[in-house]
Amino acid sequence: MTPLAERIHKLRTRIGKACEAHGRDAGRVELLPVSKRQPLALIQEAAALGFGRFGENYVQEGVQKALEAPSLGFVLIGPLQRNKARHALASFQEIMTVDRPELAERLRHLAAELEVVRGVWIQVDLWDEATKQGGCTASGAEAVFRALDSDPRLPVQGFMAIPPPEDAQAFQAMAVLREDWQQRLGRPLRLSMGMSGDLEEAIAAGSDQVRIGTAFFGSR
Ligand SMILES: *Cc1c(COP(=O)(O)O)cnc(C)c1O
């Protein structure tokens, strides 16, 4: 086994154990590799092992990789400035960091202009960390939903978050938020949370997608 295949195997085992411990179906937890600052050759190696979509943090880097490897899919998991929204929408399959109504409005305008359909995720930060990582409050999420106005070009997939590590309550708060909105909208929504260090807590709280960088690709 290559080092990459070995790391993926270990990850699958971790995910499997966490699912088993919490009565969840491992087939329902997506492993999204985070390829920021990783070379294209390694990403291609992961693609050969069956991974078709990768998370990127920086618009410029992701746009470049998407150009160089058009057969791969990239999703944006890092902060998005309005002036980069056009590039982002053109190159990424999904935007996972919609966290303010102005950005949502800009994306709607551009999606219509470019005639594209892109899944979007609302990034929330319920912990008042005021980090540079982005994310809106629960009421902010409401404003983003309103701004998106169920635009068929930007279907909302669910919520994305970076809860503080080892804070089980923070992960639970995400589950509650998701449940509330599922009730309101009458349809399922996904939760994207959990990284290399905390995927177990995330899966325990119902995460549907873990975003894994270092445990997948190695250090960067
Ligand atoms: C870098 C990053 C990840 C992956 O982090 P690791 O700790 O390397 O697994 C996941 N989500 C976001 C938003 C990131 O920026």
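Predicted model: local features only at pLDDT ≥ 70, side-chain atom pairs only at ≥ 80, totals over all residues.
User: Why is helix H5 called roughly parallel to helix H6?
Analyst: H5 (residues 101-114) and H6 pack at an angle of about 20°. Angles under 35 degrees count as roughly parallel. The angle of about 20° falls under that cut-off, so H5 is roughly parallel to H6. Their axes lie 8 Å apart, and the crossing is right-handed.

User: Which residues of H5 and H6 meet?
Analyst: From H5 come Pro 101, Ala 104, Glu 105 and Arg 108. They meet Ala 143, Val 144, Ala 147 and Leu 148 in H6.

User: What makes up the contact of H5 with H6, by residue class?
Analyst: Six of the residues are nonpolar and two are charged. None is polar. Glu and Arg count as charged, and Glu 105 and Arg 108 are both on the H5 side of the contact.

User: Why is Glu 105 called partly exposed?
Analyst: Its relative accessibility is 47%. Buried means under 20% and exposed means over 50%, with partly exposed in between. At 47%, Glu 105 therefore counts as partly exposed. Glu 105 is found in helix H5. Glu 105 and Val 144 are 39 residues apart in sequence, and 8.8 Å apart in space, C-alpha to C-alpha.

User: How do helices H6 and H7 cross?
Analyst: H6 (residues 138-148) and H7 (residues 168-185) cross at roughly 35°. Their axes come within 12 Å. This crossing is right-handed. H6 contributes Ala 138, Glu 142 and Phe 145 to the contact. H7 contributes Leu 177, Trp 181, Arg 184 and Leu 185. By class, five of these residues are nonpolar, two are charged and none is polar.

User: What makes strand S6 largely enclosed?
Analyst: S6 spans residues 156-161, and five of its six residues are buried. Each buried residue has under 20% relative accessible area. With five of six buried, S6 is therefore largely enclosed by the rest of the structure.

User: Which strands pair with S6, and how do you know?
Analyst: Pairing takes at least two bridges between two strands. S5 (residues 119-124) and S6 have five bridges, in the parallel sense. S6 and S7 (residues 190-192) have three, and they also run parallel. Val 124 stands opposite Ala 161 in S6. The bridge partner of Phe 159 is Leu 191 in S7.

User: Why is S5 called mostly covered?
Analyst: Six of its six residues are buried. Gly 119, Trp 121 and Gln 123 point one way. Val 120, Ile 122 and Val 124 point the other way. In a regular strand the side chains alternate between the two faces of the sheet.

User: How do you know that S4 pairs with S5?
Analyst: Three bridges join S4 (residues 94-98) to S5, and the two run parallel. The cut-off is at least two bridges, so the strands pair. Ile 95 has Val 120 of S5 as its bridge partner.

User: Why is Ser 219 called exposed?
Analyst: Its relative accessible area is 67%. Exposed means over 50%. At 67%, Ser 219 therefore counts as exposed. Ser 219 sits in the segment after helix H9 (214-217).

User: What does Ser 219 touch beyond its neighbours within four places in sequence?
Analyst: Ser 219 is in contact with Gln 38 and Thr 214. Ser 219 and Gln 38 are 181 residues apart in sequence, yet 8.9 Å apart in space, C-alpha to C-alpha.

Technical notes: Residues numbered from 1 in each chain as written. Heavy atoms only, no water. Axes fitted to C-alpha atoms, helices over the stretch in contact; angles between N-to-C directions. Helix = DSSP H or I, 4+ residues; strand = E, 2+ residues; numbered from the N terminus. Left-handed = near helix turned anticlockwise from the far one by under 90°. Contact = heavy atoms within 4.5 Å. Parallel < 35°, antiparallel > 145°, perpendicular 65-115°, else oblique. Buried < 20%, exposed > 50% of the residue type's maximum accessible area, 1.4 Å probe, protein only.
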